[in-house]
Amino acid sequence: MSVMRGLSAFPITPATPEGRVIEDDLRRILTRLVRAGVDGIGLLGSTGSYAYLTLDERRRASEIALDVARGRVPVIVGVGALSTRDSVALARHAADAGAAGLLLAPVSYTPLTEDEIAAHYAAVAGAGGLPLCIYNNPSTTHVAMSHGLIARLAALPHVAAVKMPLPAQGSIADEIAALRPALPEGFVIGYSGDWGCTRALLDRADAWFSVAAGLWPEATLTLSCAAQAGDAPGTAATEDRFQPLWDLFRRHGSLRVMHAAAQLMDLTEADPQPPVLPLPDSELPALRAAIRAMGG
């Protein structure tokens, strides 16, 4: 089974305002995920603040995560960076440290051509030598990957999965039906955007790259299993408790919400990295209600 399939939990990376990873807090959060038995941990994704941390702190976070997991849960490490040089260095470090896979977004200040994106992915995938997931995240990278580009990247050695956003137009089922024939056999199609991912699993997506699972792994596993089993009524009933959280994600973005939730749950005191501001105090009553609905 691919390390990318199933439910991957994407936790925050607690850090000081100066960008120093808070080791005890990160260990505390990751231990909950390992104990719950999520299918994978997506370290240093967007909610993990990878773009705001130095390369050294990202390496340190990877080493902490791999020490906590100790092979019990595969760890997929985000290696997106402005330069191919830095992404290659991060990929090599992750591989040497024992990561199970890599996650790569085409991060750039200068808009990239498809040829530049393909060269970037080829270099990073080759350097890491691990299963690599294409991170298609146009809301942050401003790169909207076409199906043709995804197919081109999927043909590269070691590229094994794609992390898709919820489609702006059309249905997830139609998108998956369009992608499958263009991708290698066994290639993993997964989705992010938690509020739409059960629909994706019901429509036969292979993976849910979940922010909520970073703090509520057991509840999210229950929901994921119902959707993967094709149990639409059970999925809908289980997901009712998530709706207040989904509403907050849509209003404020998961990065702010998850940091505030982790604080309310006494897991860390860390805020998002500046210049990102914390969740407004006016939303804390709604967040407390959402945490209660989640059962913790």
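The structure is a predicted model, in which local features need pLDDT of at least 70 and side-chain atom pairs count only at pLDDT 80 or more, while totals for chains, interfaces and linings use all residues. Residues are numbered from 1 along each chain as its sequence is written, and side-chain values use heavy atoms, with hydrogens and water left out.

View 1. Helices (H or I, at least four residues) and strands (E, at least two) are DSSP runs, numbered from the N terminus. E283 is buried, its relative accessible area being 12%. Not counting residues up to four places away in sequence, E283 touches L248, R251 and H252, where contact means heavy atoms within 4.5 Å.

**View 2. Packing of helix α12 (residues 254-264) against helix α13 (residues 284-294).** The two helices pack at an angle of about 70°, and their axes lie 10 Å apart; axes are lines fitted to C-alpha atoms, for helices over the stretch in contact, with angles running from 0 to 180 degrees between N-to-C directions. This angle makes α12 roughly perpendicular to α13, given that 65 to 115 degrees counts as roughly perpendicular, under 35 as roughly parallel, over 145 as roughly antiparallel and the rest as oblique. On the α12 side the contact is made by V257, A260, A261 and L264, and on the α13 side by L284, L287, R288 and I291. These residues divide into seven nonpolar, no polar and one charged, in a scheme where Ala, Val, Leu, Ile, Met, Phe, Trp, Tyr, Cys and Pro count as nonpolar, Asp, Glu, Lys and Arg as charged, and the others, Gly among them, as polar.

**View 3. Backbone features at P275, D266 and R204.** The peptide bond from P274 to P275 is cis, with omega near 15°, and P275 is placed in the loop between α12 and α13. D266, also found in the loop between α12 and α13, has a positive phi of about 60° although it is not a glycine, and D266 is exposed at a relative accessible area of 66%. R204, likewise not a glycine, has a positive phi of about 75°; R204 is found in the loop between α8 (197-202) and β8 (207-210) and is exposed, with a relative accessible area of 52%.

**View 4. N137 in the loop between β5 (132-135) and α5 (138-141).** N137 is buried, with a relative accessible area of 11%. Its side chain makes a polar contact of 3.1 Å with the side chain of S139, and another polar contact, of 2.8 Å, joins the side chains of N137 and T140; a polar contact is a pair of N or O atoms within 3.5 Å, of which, within protein, one must be able to donate a hydrogen and the other to accept it, and residues adjacent in sequence count only if both atoms are side-chain atoms. Not counting residues up to four places away in sequence, N137 touches S46 and H142.

**View 5. Cysteines C133 and C225.** A search of the whole structure finds zero disulfides, a disulfide being a pair of cysteine sulfur atoms within 2.5 Å. For C133, the nearest cysteine sulfur, that of C197, is 12 Å away, and C133 is buried, with a relative accessible area of 1%. For C225, the nearest cysteine sulfur is that of C197, 15 Å away, and C225 is partly exposed at 45% relative accessibility.

Definitions and conventions. Buried < 20%, exposed > 50% of the residue type's maximum accessible area, 1.4 Å probe, protein only.
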